[in-house]
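Colleague: Before we look at this together, could you take me through how you read its features, going from a single residue to the sheet and the cores?

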Amino acid sequence: MRVGVDATCWANGRGYGRFAREILGAMVALAPADEFICFVDPLAADRFDLRAPNVRVVRVEQGAPPAVAAAADGNRSPSDMLRLSRAVWRERLDVFFSPSVYTYFPLPPGLAAVVTVHDTIAERFPELTLPTPRARLFWRMKVALALHQARLILTVSDFAAREITDVLGVPSRRIRVAVEAPASAYRPSTPEEIAAAAERVGLPRGAEWFVYVGGFNPHKRVDAIVHAHARVARERAAARGESGREHATDADASGAPFLVLVGATAGDVFHGDQARIRAAIEGEGTERLVKWTGFLPDEELRHVLGGARALLLPSECEGFGLPAVEAAACGTPVIATSESPLPELLAGGGIFIAPHDDHGLAAAMRSLLGDLGRRNQLGARALERAGELSWTRGAAAALGALREAAA
């Protein structure tokens, strides 16, 4: 096959960018007889690092990078999208693959296409993801066109597939699933590696910590993490005979756990919620216990994950929950939303709570903080479950969908 690929999402640092990079690399390796023509804008071209005999790159000039313009409150110019559409039309493709609906652009009429829809969070929680009526209108129009033009819809979990049917009305017969997996960088770390990484992010020797990884967006409920963490920190201080809120922020005196927040704090094109998170931290008086690391590369992040008591992901909903699976691959249990595929994917490897069960979130944190044996048992099971996932398997499913659409 001659497969066209929307690789303009290559530069994105969030989950859908990771999906594009990992699954395309695995697809190219699995199908050496197929040609993959990857359409990139200048920003994506600078970061495109997939080199193989069956990969060809077509650079298309854009007024604004699609990975940036496809923002929570942005829009892409018609002329930019038209340039991409024309570039695709000139290539005489058998099928086109969009790794994400976020950077979708109109395709030439009649071209077989497979479009990836990762979740229905924007549809279920528009006020938490798309801040203005204008943004919601543009999103609905883009998704509607993508669903209309695609012969098949690809998604990342059975959970997401059910959501796409229930929320977007796509019949299950048109949906195929390519399950994600942790990147190869994520694996257990040595105690020495963990200690060195902890020091680099400002954690004192002997500290305990929980970690959140991802965007600081309202539907991720990071403010709920802040409040639960503060409650557990105060309890730890009280249990050690301390009193007063100021002592609950002193790790040396109280032995309170730290909270490590990992993710870009600037340049995120999605609807941000940092002001509310910082206000929650200030209100709880836990500034000294919360560490904002900014973006961490995979090799550094795996050590921070490996030393954590748990990865926290109490979102409203997750189509997959890749940070949790990456933590699991490091041998770390998760405390995550039940509105996701994670209870099935990581069964026995974490504690799963309903959205807005803030008491349950604090109780789960408390239990893993106070029982190292249980933490290690859950972590071992999480590692085992993560090891059952592979990008090769997901790529095989994606290739199958492309061949089916092109037939």
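This is a predicted model: local features need pLDDT of at least 70, side-chain atom pairs count only at pLDDT 80 or more; totals for chains, interfaces and linings use all residues.

Colleague: Is Ser 367 buried, exposed or partly exposed?

Modeller: Burial is read from relative accessibility, with under 20% counting as buried and over 50% as exposed. Ser 367 counts as partly exposed because its relative accessibility is 22%.

Colleague: Which residues is Ser 367 in contact with, leaving aside its neighbours within four places in sequence?

Modeller: Those contacts are with Ile 351 and Arg 374, and the side chains of Ser 367 and Arg 374 make a polar contact at 3.2 Å.

Colleague: How should I read the sheet, and in what order do its seven strands lie?

Modeller: Strands of a sheet pair through backbone hydrogen bonds, either parallel or antiparallel. Here the sheet is open, with parallel pairing and the order E3-E2-E1-E4-E5-E6-E7. Its edge strands, E3 (55-59) and E7 (175-177), each pair on one side only, and the twist from one strand to the next averages 25 degrees. Between E2 (residues 35-40) and E3 there are five bridges, and Ile 37 stands opposite Arg 56 in E3.

Colleague: Which helix lies across strand E6 and E7?

Modeller: That is helix H8 (residues 158-168), which runs at about 165 degrees to E7.

Colleague: Which residues have the most contacts inside the largest nonpolar core?

Modeller: They are Phe 97, Trp 209 and Val 211, in a core of 100 residues, to which helix H19 (residues 391-406) gives the largest share, seven residues. A second, separate core has 35 residues, among them Phe 39 and Leu 147.

Technical notes
Residues are numbered from 1 along each chain as its sequence is written. Side-chain values use heavy atoms; hydrogens and water are left out. Buried means under 20% relative accessible area, exposed over 50%, partly exposed in between (1.4 Å probe, protein chains only). Contact means heavy atoms within 4.5 Å. A polar contact is a pair of N or O atoms within 3.5 Å; within protein, one must be able to donate a hydrogen and the other to accept it, and residues adjacent in sequence count only if both atoms are side-chain atoms. A nonpolar core is a set of buried Ala, Val, Leu, Ile, Met, Phe, Trp, Tyr and Cys residues joined through side-chain atoms within 4.5 Å. Helices (H or I, at least four residues) and strands (E, at least two) are DSSP runs, numbered from the N terminus. Two strands pair if DSSP finds at least two bridges between them. Axes are lines fitted to C-alpha atoms, for helices over the stretch in contact, and angles run from 0 to 180 degrees between N-to-C directions.
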